[in-house]
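Here are a few exercises to work through with the model open beside you. Try each task before you read its solution.

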Amino acid sequence: MLPKAILAIAALAFSPANALWPIPQKISTGDSVLFIDQAVKVTYNGQLILPIGYTPPPSSHFDSKQIVQGAVSRTLQSIFQTNYVPWKLHPRNSNFEPRVAPQNRIQSIAIQQTGKDTTQTFKPRAGDVDESYTLTVSKNGQVNISAKSSTGVLHALETFSQLFYKHSAGPFYYTTQAPVSIQDAPKYPHRGIMLDLARNYQTIDDIKRTIDAMSWNKLNRLHLHITDSQSWPLVIPSLPKLSQAGAYHPSLVYTPSDLASIFQYGVSRGVEVITEIDMPGHIGVIELAYSDLIVAYEQMPYQDYCAEPPCGAFSMNNTKVYSFLDTLFNDLLPRISPYSSYFHTGGDELNVNDSELDPRIRSNDTAVLQPLLQKFINFAHSKVRAAGLSPFVWEEMVTTWNLTLGSDTVVQSWLGGDAVKNLAESGHKVIDTDYNFYYLDCGRGQWVNFPPGNSYTTYYPFNDWCQPTKNWRLIYSHDPATGVSASAAKNILGGEVAVWSEMIDAANLDNIIWPRASAAGEVWWSGNADPATGQQRSQLDVVPRLNEFRERLLARGVSAMPIQMTYCTQLNATACTLFT
Ligand SMILES: *[C@@H]1O[C@H](CO)[C@@H](O)[C@H](O)[C@H]1NC(C)=O
Ligand SMILES: *[C@@H]1O[C@H](CO)[C@@H](O)[C@H](O)[C@H]1NC(C)=O
Ligand SMILES: *[C@@H]1O[C@H](CO)[C@@H](O)[C@H](O)[C@H]1NC(C)=O
Ligand SMILES: *[C@@H]1O[C@H](CO)[C@@H](O)[C@H](O)[C@H]1NC(C)=O
Ligand SMILES: *[C@@H]1O[C@H](CO)[C@@H](O)[C@H](O)[C@H]1NC(C)=O
Ligand SMILES: *[C@@H]1O[C@H](CO)[C@@H](O)[C@H](O)[C@H]1NC(C)=O
């Protein structure tokens, strides 16, 4: 065994300092080794917290202590049960581990929540919750966490868990970075993933595992694109035929209790779930369940009526559609409002030609359709507001259709260019989902078939519409507010990466999302600039941390893909840097 002083130097040279993801806004660390006791005592505002194994009881009422208790339980589980020996982050066959010195260890963690949670803490609108926290670990093992909200406590606990590794000599867990002092808070309040549950069904376990991984990344909004023209997996008890006829299979549904369990799972991890029923386009599947509500269902050639088959949109001058929506919203929205403050009414890619086929309209003239659409959205949003929720829409409702929306409405921009900037400058609250950076499904080729004949020459090499792949470096380069004036930037609430699921299901979900969503997560949390220089953070600082975080994702059961070969992770970042 090497003496400890030498080991500390070795740790300095080889282990990535501050290997936390996302990197905190303010952090200082030392190079002392500290072990953590498996019987560590955790107190919350002076009260002892139950150890591993606690899960908050299912409920639509939330209690700060139960939420914190659940988080402490998961934190200890991460440190002691799903941790890893970081051999992959050190030179091969090197002796990188500290001497086991259990006399020097963490035995207690004191959590102070300095503010009171309200019902809005658990279903926040952007800006409702103070997510900041401080975390200190003294050289002799005293741990203090302080936060205004329980959400801040959750973030602090996650940061804390990322300080520790498993020791190969046995059940020993250590950090090499004591003392630690962190003051942290997010740059943007809305940090999300949009997950498509309709093109391919995503299992409830997959959704929940995604929520877990989100919370480790300090991502806090899961937007479920739950229906589309291809399938309607959402069970609506007052409109039972929707899922009976519209789900891909009777087993591939989300019942009201499934939905509640997803919402509750999210709330207890600081992740607010936002439900989207996309309308008035992207909804053809209703034709299978209820007649006379949909126009242009499965219309061909599909390119003239929608972006991908099958087409189908609401008939927009039809009182039956209004009474259908009334029933749908009266059923669904009261089941959402205990857990979320938002409901997304979609609104992307409405094709004017659909209404040309509508016997009640017979026009594809935007000037004719715009007032009908305005009336339709006014009705939908009045229902959303009556349920205590704020509406969300895709950007075309503003950028294509010039609709007048309430000031509470959040506009989700995906078309890129200056859309985010323009929307923010014109006073809209905006979420950035620019497809050039944030579409995780892009760049993997076409799912649509090409007809027999000369397709191999005509369509070669079968790229998809939004190629190339949005690799993590590309994602990391993008900050939604870059180039936007400070006053307009206040309207940019954050971003969402999008997971459109034509070629994504349980077999590849994890490695499509992770660790690329992590890259966006860090930028939305602490920006992509180095605080010392104001310049974009060097990839040499980012890569070792992301390599390490990917190992943590794997250890915790998420099949994140590697971003480098082991040759690179075992050497320093310089060894795998482009030589120019
Ligand atoms: C932790 O909190 C206790 C009680 O407030 C305080 O006495 C102690 O100095 C704090 N320790 C650190 C390392 O901040
Ligand atoms: C509407 O259909 C016509 C063909 O009738 C086509 O040329 C046009 O591109 C279509 N419009 C849209 C927006 O798809
Ligand atoms: C909508 O339907 C009404 C009759 O129900 C009709 O008078 C009106 O012209 C229609 N609007 C459009 C734009 O077609
Ligand atoms: C409207 O329909 C006409 C006739 O089908 C078509 O020529 C025209 O391109 C359509 N307009 C748009 C904006 O798609
Ligand atoms: C959009 O709507 C607003 C208010 O209804 C109107 O003042 C403006 O001229 C419209 N813009 C366009 C491009 O149609
Ligand atoms: C990083 O690795 C390269 C290549 O193996 C080596 O030349 C260099 O000295 C290393 N730098 C540090 C700081 O260890």
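The exercises below cover a ligand site and a salt bridge.

This is a predicted model, in which local features need pLDDT of at least 70, side-chain atom pairs count only at pLDDT 80 or more, and totals for chains, interfaces and linings use all residues. Residues are numbered from 1 along each chain as its sequence is written, chains are lettered from A and ligands numbered from 1 in the order in which they are written, and side-chain values use heavy atoms, with hydrogens and water left out.

**Exercise 1.** Find which residues are around ligand 3, then look for its polar contacts (N or O atom pairs within 3.5 Å).

*Solution.* Step 1: select residues with a heavy atom within 4 Å of the ligand; for ligand 3 you get N317, R360, I361, V368 and L372. Step 2: look at the oxygen atoms of ligand 3. A polar side-chain atom of N317 lies 2.3 Å from one ligand oxygen, and a polar backbone atom of R360 is 3.3 Å from an oxygen of ligand 3. Step 3: turn to the area. Ligand 3 alone exposes 360 Å², and the protein buries 37% of that (Shrake-Rupley method, 1.4 Å probe).

**Exercise 2.** Are the partners of the R199 to D196 salt bridge buried or exposed?

*Solution.* Step 1: check the pair. The closest N and O atoms of R199 and D196 are 3.0 Å apart, and a salt bridge needs a side-chain nitrogen of Lys or Arg within 4 Å of a carboxyl oxygen of Asp or Glu. Step 2: check accessibility.

Key: A polar contact is a pair of N or O atoms within 3.5 Å; within protein, one must be able to donate a hydrogen and the other to accept it, and residues adjacent in sequence count only if both atoms are side-chain atoms.
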